[in-house]
Amino acid sequence: MPPTDGSDIASQTSRLLAYVAQHPLSATLREPMLSFFHALAPHAPYAVMRALMAHAHVWPLRQLLAKVFVAAGPQTAATVRTTTAVTYISAGVADNVLPQVWGAVKCGSLGWHSGGDGGKSS
């Protein structure tokens, strides 16, 4: 009899992937974007932009710029945050058979996990 309490592999996998999707990695302005801004600063059309870009390496400004990039939309957020997406999911070997092992690849970062050991193997 299949479990009805959500302890089956498919339910566990869906909860894990939903959690990871709802909790993106933190936004931080890092290399190579800092060097990019520094090189681009002299060519910015406005003095304020030149100053922001030239001093993007300063901690408070770096955090502020990262938040601005995230708020501006997904295209700019990708410059300050590691983007992730589930690229492959596998579970089960036949129809109408509960899987004993599952696997998921999320930009290559989750790897393969076995349901029998609580997802500790990789």
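Where does Leu98 lie in this chain? Leu98 sits in the loop between strand S1 (86–91) and strand S2 (102–106). Keep in mind as you explore that this is a predicted model.

**The overall layout**

Let's step back to the whole chain. The chain has 122 residues, and 24% of them are buried. Its accessible surface comes to about 8400 Å², with 63% of that belonging to carbon and sulfur atoms. Among contacts with a separation of 6 or more, 33% are between residues 24 or more positions apart.

**Back to Leu98**

Leu98 is partly exposed, because its relative accessible area of 45% falls between the 20% and 50% cut-offs. Setting aside neighbours within four places in sequence, Leu98 is in contact with Pro2 and Pro3. Pro3 is 95 residues away from Leu98 along the chain, yet their C-alpha atoms are separated by 9.7 Å.

In soluble globular proteins, nonpolar side chains tend to be buried together. Here, the largest nonpolar core has 14 residues, and those with the most contacts inside it are Leu29, Phe37, Met53, Ala56, Leu65 and Val80. The elements that give two or more residues to this core are H2 and helix H4 (59–72). H4 gives the most, with four residues.

Which residues is Val80 in contact with, leaving aside its neighbours within four places in sequence? The list is Ser26, Ala27, Thr28, Leu29, Ala66, Phe69 and Val70.

Asp8 is found in the segment before H1. Asp8 is buried yet has no salt bridge. The nearest side chain of opposite charge belongs to Arg15, 6.3 Å away, and a salt bridge would need the two charged groups to be within 4 Å. The side chain of Asp8 does have a polar contact of 2.8 Å with the side chain of Ser11.

**A cis peptide bond**

One more detail to find in the structure is the cis peptide bond that joins Glu31 and Pro32, with omega of about 5°. Pro32 is found in the loop between helix H1 (9–22) and helix H2 (33–40).

| Residue pair | What is given | Distance |
|---|---|---|
| Leu98 and Pro3 | separation of C-alpha atoms | 9.7 Å |
| Asp8 and Arg15 | nearest side chain of opposite charge to Asp8 | 6.3 Å |
| Asp8 and Ser11 | polar contact of side chains | 2.8 Å |

Terms used. Residues are numbered from 1 along each chain as its sequence is written. This is a predicted model: local features need pLDDT of at least 70, side-chain atom pairs count only at pLDDT 80 or more; totals for chains, interfaces and linings use all residues. Side-chain values use heavy atoms; hydrogens and water are left out. Buried means under 20% relative accessible area, exposed over 50%, partly exposed in between (1.4 Å probe, protein chains only). Contact means heavy atoms within 4.5 Å. Accessible areas come from the Shrake-Rupley method with a 1.4 Å probe; for residues, only the protein chains shown count as cover. Lys and Arg count as positive and Asp and Glu as negative; His and the chain ends are not counted. A polar contact is a pair of N or O atoms within 3.5 Å; within protein, one must be able to donate a hydrogen and the other to accept it, and residues adjacent in sequence count only if both atoms are side-chain atoms. A nonpolar core is a set of buried Ala, Val, Leu, Ile, Met, Phe, Trp, Tyr and Cys residues joined through side-chain atoms within 4.5 Å.
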